[in-house]
Amino acid sequence: MSTQANRVDPPGQASPTSITNQVAKSGGRGNIPEPRSPIVIRSNVEPRLKHNSALPIHSLPAELFLQVVHHDLQRFLENNHWRYYSHVIGLSGVCSYWYNVIRDSPPIWAQIHSSDSPNIVEMAFQRSSSHLIDIKIHQVRDQEHLQQFINTILSHTNRWRSLDAFAACSWMSLLTTALNKPALNLEKLSLTDQDTTSSNDAVDLFGGTAPQLKKLTLNGVSARWDSEVVHGLKFIDLSWIHFPSTKTVLDILFHSPQLQRVIVWQCTTGSIFTDSSYSIQLSRLSSLHIDLDSLEAIDSILASLKGSDRISLSIPLLAGENFDGFLRSRLGGWTSNWNVTPTFQLGGLELEIDTSDLRMGILTPGHPEPLTLAFDGFNVRGPELLVAFSFVVDRLGSWAKESSTMHLKLGNLPHVYPFYQVSTQRTFVNELCRLPPITSLEISGGHLRSLVDIVIREGGSSIFRDVCALSFSALDYSELSQTLEWLSHTVRFIKAATESSLDEVNRKPKLQKVELRFFLPVDSNKVESVEVAVKELEGIVGPGTVFVIVGDQN
């Protein structure tokens with residue numbers, strides 16, 4: 001008997017191998033005929049075929065089945081589109097029902113990547129019908145391949161919903177030169193030049209016409225800043241760009257009054273704009289990360305901004321600058337009805353500007369969150385860190401009320417020599433001891449890299465005596481077995497700290513929840529290590545107290 005007989009489907013089903021091969025050969029165009037030849041089935045194969053054909057998934061309505069498929073495909077999109085269409089075609093080959101439903105679902109085919117073959121790209125444009133397309137240009141093989149890909153997608157400019165490109169300088173120039181026609185439905189644009197560290201070439205994107213564009217990311221790519229393409233944005237991320245003046249940055253913000261998030265990172269400026277009468281109202285702005293080459297340039301931007309009730313403002317700790325003096329003058333310059341809660345995040349000082357009452361606590365009804373202090377030394381530059389941190393603690397102490405509680409985020413150890421001195425580390429722990437009661441603690445950085453290790457080494461248990469919720473973020477499945485001992489040691493220390501005062505009146509055990517947060521879904525071969533970790537930590541804290549969280553979902 002031929003080997004093909006071992007691959008025969010139940011009646012009404014097609015061979016996965018035959019369909020996949022025919023789809024690949026045809027470039028995905030046209031219908032794939034179902035097998036009509038007589039079928040001979042070996043006795044030991046028949047039960048398995050009957051079992052597979054009776055599985056409930058084959059009887060799902062098309063709408064529910066597509067939800068399952070979309071959920072399954074999401075992991076490929078999160079992994080930079082890697083092998084997305086290989087998996088789609090594999091699913092199409094399971095049976096004729098799967099093939100027909102997937103083929104006739106345009107949203108599945110609305111993803112195009114520069115690594116896809118020309119046949120796949122043509123098939124995606126055809127099967128996505130009139131749906132808008134998301135395009136990624138990563139992993140470019142050579143200039144000829146990129147030019148062919150650009151020529152193909154340019155004929156469908158009006159169907160672009162998003163364009164995300166990451167390429168070398170010479171290839172990025174090839175792309176930006178081609179982006180000279182209107183993109184009427186483009187909502188999101190991201191261009192990253194992986195080589196350029198200071199761009200000042202004015203690219204006239206889309207001839208100035210992209211009326212639906214709301215999210216713009218330009219890293220190492222400069223545009224015409226007077227173009228209407230940079231008007232009406234809600235999110236903007238500009239990095240590795242040289243601006244003629246700080247006024248240029250302000251004009252960009254002025255023409256997008258609905259901005260919600262702004263990042264101006266690792267940029268430089270020419271002249272400093274000093275007109276104190278110039279004012280920009282950004283009533284919906286929630287996050288501003290401003291990293292220019294001097295505090296004078298940063299101050300020029302901040303002096304003209306009027307924000308919403310709550311803004312997260314992040315600025316860099318610039319070596320050689322009078323950072324403490326800048327903080328005092330800038331904080332003192334804001335109106336008296338604004339409370340400013342500074343926090344450290346990724347080497348910069350983040351200022352939480354909040355007009356709401358600071359009497360917030362994780363256990364207080366009616367208040368959504370506690371006061372937050374995040375300290376992460378991952379990218380810290382300069383010795384001003386502890387000076388600024390001490391100033392932050394002073395400010396918190398002056399605002400704190402007896403009922404105030406805190407959410408503390410401890411990240412990576414700073415990459416600066418002074419912080420590895422015992423006296424510096426003890427000063428850091430002593431500053432933490434001056435904070436309001438910490439009811440929620442988030443730890444990242446991992447074994448031998450986290451600031452929490454300094455607190456434990458210095459015996460700072462009193463810092464954690466009120467912790468109710470503990471979270472370990474940015475965990476890696478591949479390192480879980482190596483970090484389990486560190487996780488267990490840290491949990492034991494914090495649990496012991498919360499139980500150290502149980503003999504006091506009305507005090508009860510505090511630590512009630514431990515979260516293990518991962519970026520990506522659990523691989524099947526890593527499930528066992530996760531289960532081992534959960535079991536061990538529940539043995540410390542108690543049954544049902546440990547939760548595994550992927551991204552923002554439980």
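**Aromatic pairs and beyond**

Tutor: There are eleven aromatic pairs in the structure. One of them is Phe65 with Tyr97, a tilted pair at 5.8 Å centre to centre and 45° between the planes. Keep in mind that this is a predicted model.

Student: Where do Phe65 and Tyr97 sit in the chain?

Tutor: Phe65 is in helix α3 (residues 62-78) and Tyr97 is in helix α5 (residues 96-103). They are 32 residues apart, so the pair links distant parts of the chain.

Student: Is Phe65 buried or exposed?

Tutor: Phe65 is buried, at 1% relative accessibility. Tyr97 has a relative accessible area of 28%, so it counts as partly exposed.

Student: What about the rings of Phe273 and Tyr278, how are they arranged?

Tutor: That pair is edge-to-face, because the planes are at 85°, and over 60 degrees counts as edge-to-face. The ring centres are 5.4 Å apart. Tyr278 is buried, with 17% relative accessibility.

Student: Which charged end sits over the ring of Phe273?

Tutor: That of Lys247, 5.6 Å from the ring centre. Trp109 has a charge over its ring too: the charged end of Arg127 is 4.8 Å from the centre of that ring.

Student: Back to Phe65. Which residues form one aromatic cluster with it?

Tutor: Tyr97 and Trp98 form that cluster together with Phe65.

Student: New topic. How many residues are in the largest nonpolar core?

Tutor: It has 84 residues. Ile137, Leu191, Leu205 and Leu218 have the most contacts inside it.

Student: What does Leu191 touch?

Tutor: Leaving out residues up to four places away in sequence, its contacts include Ala165, Met172, Leu175 and Leu179. Leu205 and Leu218 are also among them.

Student: How many residues of strand β4 are buried?

Tutor: Strand β4 covers residues 188-193, and five of its six residues are buried, so the strand is largely enclosed by the rest of the structure.

Student: In which sense do β3 and β4 pair?

Tutor: Parallel, over six bridges, with β3 made of residues 160-167. At one of these positions Asp164 has Ser190 in β4 as its bridge partner.

Student: Which side chain makes a polar contact with the side chain of Asp164?

Tutor: The side chain of His138 does, at 3.4 Å. His138 lies in the loop between β2 (133-137) and α7 (143-154).

Student: Why does His138 count as buried?

Tutor: Because its relative accessible area is 13%, and buried means under 20%.

Student: And helix α10, which of its residues are buried?

Tutor: Leu295, Ala297, Ile298, Ser300, Ile301 and Leu302. That is six of the eight residues in the helix, which spans 295-302, so α10 is largely enclosed by the rest of the structure.

Student: Let's zoom out. How many helices and strands does the protein have?

Tutor: It has 16 helices and 21 strands. The protein has 554 residues, and 49% of them count as buried.

Student: What share of contacts join residues at least 24 apart?

Tutor: The figure is 72%, taken among contacts between residues at least 6 apart in sequence.

How values were computed:
Residues numbered from 1 in each chain as written. Predicted model: local features only at pLDDT ≥ 70, side-chain atom pairs only at ≥ 80, totals over all residues. Heavy atoms only, no water. Buried < 20%, exposed > 50% of the residue type's maximum accessible area, 1.4 Å probe, protein only. Helix = DSSP H or I, 4+ residues; strand = E, 2+ residues; numbered from the N terminus. Polar contact = N/O pair within 3.5 Å; in protein donor to acceptor, adjacent residues only side chain to side chain. Phe/Tyr/Trp six-rings, centres within 6.5 Å; stacked < 30°, edge-to-face > 60°. Lys NZ or Arg CZ within 6 Å of the ring centre and 35° of its normal. Core = buried A, V, L, I, M, F, W, Y, C linked by side-chain atoms within 4.5 Å. Contact = heavy atoms within 4.5 Å. Pairing = 2+ DSSP bridges.
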